[in-house]
Amino acid sequence: MTTSHGQPNSLFSRRQALKSAACGFGYLAFAGLANSQASVANQNPLAPKAPHFRPRAKRVIFLFMDGGPSQMDTFDYKPQLTKDDGKPGQRRNANLFGSPFSFKRYGESGLWVSELFPNIANRHIDDLCVIRSMHTDSGSHPQAVPFLHTGNLQFTRPSSGAWVLYGLGTENQNLPGFITINPPKILGGAQNYGSAFLPACYQGTAMGRLGRSVKGLSMGNLSSDNLPRDLQLEQIRLVEKMNRGLLDQRQVDPQIEGAISSLELGSRMQDAVPEVMDLTRESKETLDLYGIDQGDPDEFGRQCLMARRFAEAGVRYIEIAHTNWDQHRRLTGDLRLNGRQTDQPIAALLTDLQQRGLWDDTLVIWTGEFGRLPEIENGDGRSHNPAGYTMWMAGGGVKGGMAYGTTDEHGRTAVENPVHLHDMHATMLHILGLDHERLTFRYSGRDFRLTDVFGNVVTDVLA
Amino acid sequence: MKIIDFSSTVFCILIAPSFLSADEISDADLKFFESKIRPVLVKECYKCHSIEAKKSQGGFRLDTRKSLRDGGESGPAIVPGKPEESLLIEALRHESFEMPPSGRLDDAIIEDFVVWIQRGAPDPRRGKSRSDQSTDSALHWSFQAPVRPSIPQVQNDAWPRTDLDYFILQKQEAAGVRPVDDAHRRVWIRRVTFDLIGLPPTPSEVETFLYDESPQAYEKVVDRLLDSPHFGERWGRHWLDVARYGESTGHKRNFTFPHAWRFRDYVIHSFNVDKPYDQFIREQIAGDLLPAENWQQRDEQNLGTGFLAIGPKDLIMGSDSQYWADVVDDQIDATCQTFLGLTVSCARCHDHKFDPIPTKDYYALAGIFHSAETLYGTNPGSGAGSNAHPSELYALGENGAEQNRIYLEFQEKLNSLVKPIQQAENALKKARDSKEPVDNIPELEQNVKKVHQQRKELLDASPPRPDFAMAMREKEKPTNAHVLIAGDAKSKGDLVPRGFLSLVKLSDTPTIDEDNSGRLALAEWLVAPENPLTARVMVNRIWQHLFGEGIVPSVNNFGATGKSPTHPELLDYLATQFVEDGWSIKRAIRRLVLSRTYRLASTHDDKNFAVEPDNVTLWRMRSRRLEGEIIRDSMLVVSGRFEPGPPEHGSVVTDLGDGCLVRQLDPEPLFQSQTFRSVYLPTCRFFVPEILEIFDGPSPSLVTGARAVTNVPSQTLYLLNNDFVVEQSQAAAQRLLKDGAGKQQRIDLLYQTAFNRRPTSSEFESAIEFIQNAQQTLSQRGQPNEKAVQTAWAAFCQAVFTSAEFRYIH
């Protein structure tokens with residue numbers, strides 16, 4: 001962070017806009033004036049901050065599979081369940097339901113994956129760290145979704161993305177540091193990307209809505225039809241002139257300095273965000289890789305490609321969402337559809353991250369809010385199960401081709417090396433170089449953390 | 001203003017080494033002790049072996065590290081590292097003593113103790129016992145009653161105007177700084193007007209003040225502002241921050257509170273009439289229990305208890321006991337943070353680690369709130385995840401109770417028809433759909449008709465719906481609360497008599513009778529002049545809103561982990577004076593804004609800055625960014641669209657109706673553009689108006705004493721592009737074009753309304769250059785001339801709204 005403030009009128013070049021990291025703040029000019037509270041208070045709260053220790057990854061792409069994907073139909077192969085198909089289960093009047101999908105071993109690791117994810121399995125199974133012993137505290141969506149996102153199902157608490165942004169700041173000030181595409185409107189709504197008692201600048205920037213198309217998606221307040229862009233740039237220059245006049249008059253004023261910076265950054269963001277979200281800038285090969293304009297994979301392909309573009313541009317925490325994993329009935333057909341919609345895009349994302357040298361810096365997480373039960377309901381459905389489910393991580397910092405923990409023979413309960421959701425949060429922070437016990441914020445007389453008073457880093461999965 | 005401090009990211013236990021035992025204790029050991037050992041000691045042993053036990057059995061206590069190691073009459077209880085030699089283990093195994101006498105504990109628990117002693121019995125508890133702690137805490141400044149200090153001596157006694165200036169100047173002289181000059185009158189009137197009513201002064205108010213040569217010029221301005229109805233809107237909003245005011249339940253199923261606004265208006269009214277603060281507290285805790293001379297007064301007082309009823313609620317929580325434990329927790333938390341500046345909620349699960357607040361005190365308060373009924377309404381909802389805990393409401397008006405009785409009866413009758421209608425319709429449908437011939441179809445049709453007729457008759461004669469409010473009322477039978485071990489509603493400990501926090505020592509503690517909840521006594525306990533916290537906490541809040549930071553910067557935390565006062569004597573002076581003035585908030589504000597200290601300019605000074613850069617001594621005024629609400633209100637004033645008063649039915653949420661947001665009610669109207677004051681904007685939890693989200697508005701689920709202040713690009717983007725800002729810019733432009741004769745006059749007018757000053761000549765030039773260029777460009781691109789003029793001026797007005805000067809006061 002050494003560059004000095006540029007000339008007021010040459011600030012807005014696109015190239016510079018995309019490259020710019022969090023430098024060039026005028027307040028640095030006053031850094032020599034002692035570490036006064038005033039200057040601390042007016043430092044950019046989103047500027048990159050050093051982690052607690054050497055990080056394994058710098059950013060997160062969080063793939064939220066809303067509804068609770070069935071582990072025994074995806075990544076947790078249960079031959080005993082197939083054998084016991086039709087036998088009485090533990091639920092009253094409900095028999096066990098062997099997976100209707102075929103499983104195979106893939107890659108050098110020989111991990112089992114169901115037929116739903118041929119691309120992920122064939123190309124990336126040796127990159128995945130599959131945790132089959134997840135468990136969480138609630139089996140109801142409206143509690144489990146906020147719990148997954150905030151680590152608390154009782155009170156309003158900051159979301160994990162807000163914690164990460166608070167802990168690390170963000171690298172590219174021309175883009176929001178925490179972006180969530182298509183978050184749920186209900187099930188906690190804004191709570192899932194909110195900042196609660198953390199300053200509001202750490203909340204996620206939400207775009208779109210769960211289940212809706214992302215075609216034509218944009219960020220709010222980025223542009224207005226009111227004024228042509230060239231005149232708006234004139235307007236911004238006028239404001240800057242006014243602000244500089246005020247600053248001259250006040251001699252030293254870090255708050256006005258801050259306002260000048262944020263004007264400059266806001267203006268750059270207006271160019272940078274649409275540019276990053278513009279998928280037409282991608283090659284035909286890339287679009288094809290993600291399955292864009294190819295029917296089923298099109299929508300989630302767009303989300304995955306945007307996630308990669310955001311990651312590449314330096315966004316710290318990116319969440320994208322695919323809904324409809326709540327198969328109380330019609331599991332066979334619906335999961336096949338989910339597979340067709342997400343397999344190719346996710347595999348493409350992993351491939352693309354590797355090809356672009358982003359792999360080692362990016363932690364990819366695939367998870368729902370809980371898993372499903374081994375018993376059948378409503379013909380070919382399964383009900384919620386918080387006691388055992390599967391998630392996977394990939395990319396920077398985690399061991400690939402690894403399965404960690406197990407559920408019992410029917411996939412009902414995590415038995416070996418159970419990993420609680422708090423442990424997952426602790427591990428995620430650890431991979432980013434943050435100690436979940438030290439990443440705290442004082443509110444209401446005590447220091448709060450994402451993991452409350454819980455959480456153990458699952459060190460076995462770390463590369 | 002909350003300073004965002006990134007350096008304090010260390011778990012609080014670790015930054016308070018003075019509270020740890022002499023030898024360091026690792027995180028893992030601490031966790032082990034807190035999760036495995038302490039809960040058992042508390043639950044199984046403290047009753048007979050702690051300072052609280054009437055007589056420690058066997059002369060032995062194990063409520064402190066020291067006493068456990070010293071042991072009792074039979075010798076040391078533990079030998080660290082050697083469980084087999086430890087008497088405690090013998091006793092737990094029922095080998096010698098049989099402890100606890102009620103029955104041997106699980107082997108797993110005993111094994112935990114063995115492991116703990118093997119690890120050296122690491123024990124974080126303070127050296128002394130809890131009541132020794134209280135003696136310790138008696139030394140904590142905020143737990144002692146304030147004593148009115150004498151006015152300090154200063155060298156430069158020409159400088160102070162009022163008593164408080166002496167306290168300020170004395171610290172400055174000691175620190176070697178000199179107060180800067182007084183602010184220009186223009187700066188001062190802008191500052192005080194925003195501070196008192198949250199709106200910019202009008203150009204004529206500024207002019208009047210500038211040329212007022214009378215010695216009372218400042219007083220006149222202040223008194224005019226204190227009398228303004230906008231005063232209550234400004235200061236009421238401060239209160240709504242700490243009262244965690246919200247118009248929906250929050251949580252995953254978010255049900256509206258369509259009547260919450262009555263509490264909002266009650267608060268605004270209370271500030272406007274300068275309701276004495278002690279009365280204000282009484283009403284919010286126990287307004288329903290106060291004597292009233294007439295029904296209007298009765299209603300007014302009942303409205304106050306909305307404070308306890310408006311907290312967030314998780315209405316789909318299945319467990320009743322957990323649900324009510326959470327509701328009561330919110331009430332305890334809000335009460336203690338708001339009035340006492342204490343964070344008591346820690347004691348829900350364990351004794352407060354830093355303040356002398358034992359778990360039993362928490363449950364003493366819990367008993368008070370459990371003995372009252374919380375009236376918050378809410379629609380029963382529908383389908384999966386429906387409301388498991390709907391409640392009644394308080395009916396306003398002379399005959400509110402009677403009206404409500406009739407209305408509830410009517411509702412009940414209406415509800416009782418839902419099933420018969422469904423049954424009749426289903427039966428008819430089944431008969432019609434049946435493949436077999438059915439002969440009773442006419443009879444079934446008749447049935448359907450009949451039930452619908454019944455419903456219609458009922459509706460035709462529907463009684464008027466009373467005006468409702470959220471409030472509290474007494475339960476028929478008050479109860480004491482059980483301690484819940486580790487806060488778990490399923491694991492009950494001892495029953496605790498209703499009472500207050502033991503850390504506050506009054507010479508005459510109000511008593512709680514058996515036949516009432518004790519809320520009234522709680523209110524009296526809060527406002528007792530001897531209560532060391534109540535007055536201090538409030539004058540500190542007032543100070544914060546006028547000077548940008550509290551004398552105690554941690555405004556909601558006066559406990560051991562809070563910050564120390566920068567001017568302790570001044571705080572006590574203000575607190576005692578506040579009580580002497582009959583708890584008048586307006587007088588307290590008046591005293592502050594008429595001081596010399598408040599009159600200071602906010603200009604930089606190299607010498608002072610070198611000595612005291614943080615300006616703790618207030619050698620200059622702090623400049624402050626206006627809140628989101630005020631930025632919005634100011635735009636409305638400049639645009640001329642500002643509409644005084646609340647919306648027609650009290651709140652947009654009232655019009656939205658009663659139900660679950662998103663699932664039953666479309667939240668879209670919550671975000672529609674409005675022109676009334678921001679304090680009246682809908683405030684549903686998780687559906688906060690955008691400008692408040694962007695400009696650091698409070699989270700309505702949390703008690704907010706000090707808002708964060710950030711300076712981030714999303715704010716600029718909002719001002720540059722948001723429809724609301726564009727609308728106001730256009731309206732402001734229309735107004736200028738209508739009122740101003742020429743360019744110069746218009747620019748001058750805008751500067752005077754928006755900045756309360758006149759533009760410099762170079763500002764004139766830049767503005768004219770910008771407007772002309774924009775106008776030309778737009779005309780060249782084919783905009784009709786009139787439209788181009790409008791757009792150009794609107795763009796200029798928007799530049800003014802976007803500028804830093806518009807949102808800062810200096």
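This is a predicted model: local features need pLDDT of at least 70, side-chain atom pairs count only at pLDDT 80 or more; totals for chains, interfaces and linings use all residues.
User: Why is Lys104(A) called partly exposed?

Analyst: A residue is buried if 20 or more other C-beta atoms, placed from the backbone, lie within 10 Å of its own, exposed if 12 or fewer, and partly exposed in between. Lys104(A) has 15 C-beta neighbours inside 10 Å, so it counts as partly exposed. Lys104(A) is found in strand E2 (residues 103-106) of chain A; strands are DSSP runs of E with at least two residues, helices are runs of H or I with at least four, and both are numbered from the N terminus.

User: What makes strand E11 of chain A largely enclosed?

Analyst: Seven of the seven residues of E11(A), residues 389-395, are buried, so the rest of the structure largely encloses this strand.

User: How do you know that E11(A) pairs with E4(A) and with E8(A)?

Analyst: Strands pair if DSSP finds at least two bridges between them. E4(A), residues 128-135, is joined to E11(A) by five bridges in the antiparallel sense, and E8(A), residues 362-367, by four, also antiparallel. Both therefore meet the definition of pairing. Met393(A) of E11(A) is the bridge partner of Cys129(A) and stands opposite Ile365(A).

User: What makes a set of residues a nonpolar core?

Analyst: The members are buried Ala, Val, Leu, Ile, Met, Phe, Trp, Tyr and Cys residues, joined through C-beta atoms within 7 Å. The largest such core has 308 residues, of which Ile318(A) and Met470(B) touch the most other members. Helix H8 (residues 254-277) of chain A gives the most to this core, 10 residues.

User: Which residues does Ile318(A) touch?

Analyst: Contact requires C-beta atoms, placed from the backbone, to lie within 7 Å. Leaving out residues up to four places away in sequence, the partners of Ile318(A) include Val60(A), Phe62(A), Ile179(A) and Phe310(A).

User: How many residues take part where chains A and B touch?

Analyst: Chain B brings 63 residues and chain A brings 67. H28(B) supplies the largest share of the chain B side, seven residues.

Definitions and conventions: Residues are numbered from 1 along each chain as its sequence is written. Chains are lettered from A and ligands numbered from 1 in the order in which they are written. Two residues are in contact if their C-beta atoms, placed from the backbone, lie within 7 Å.
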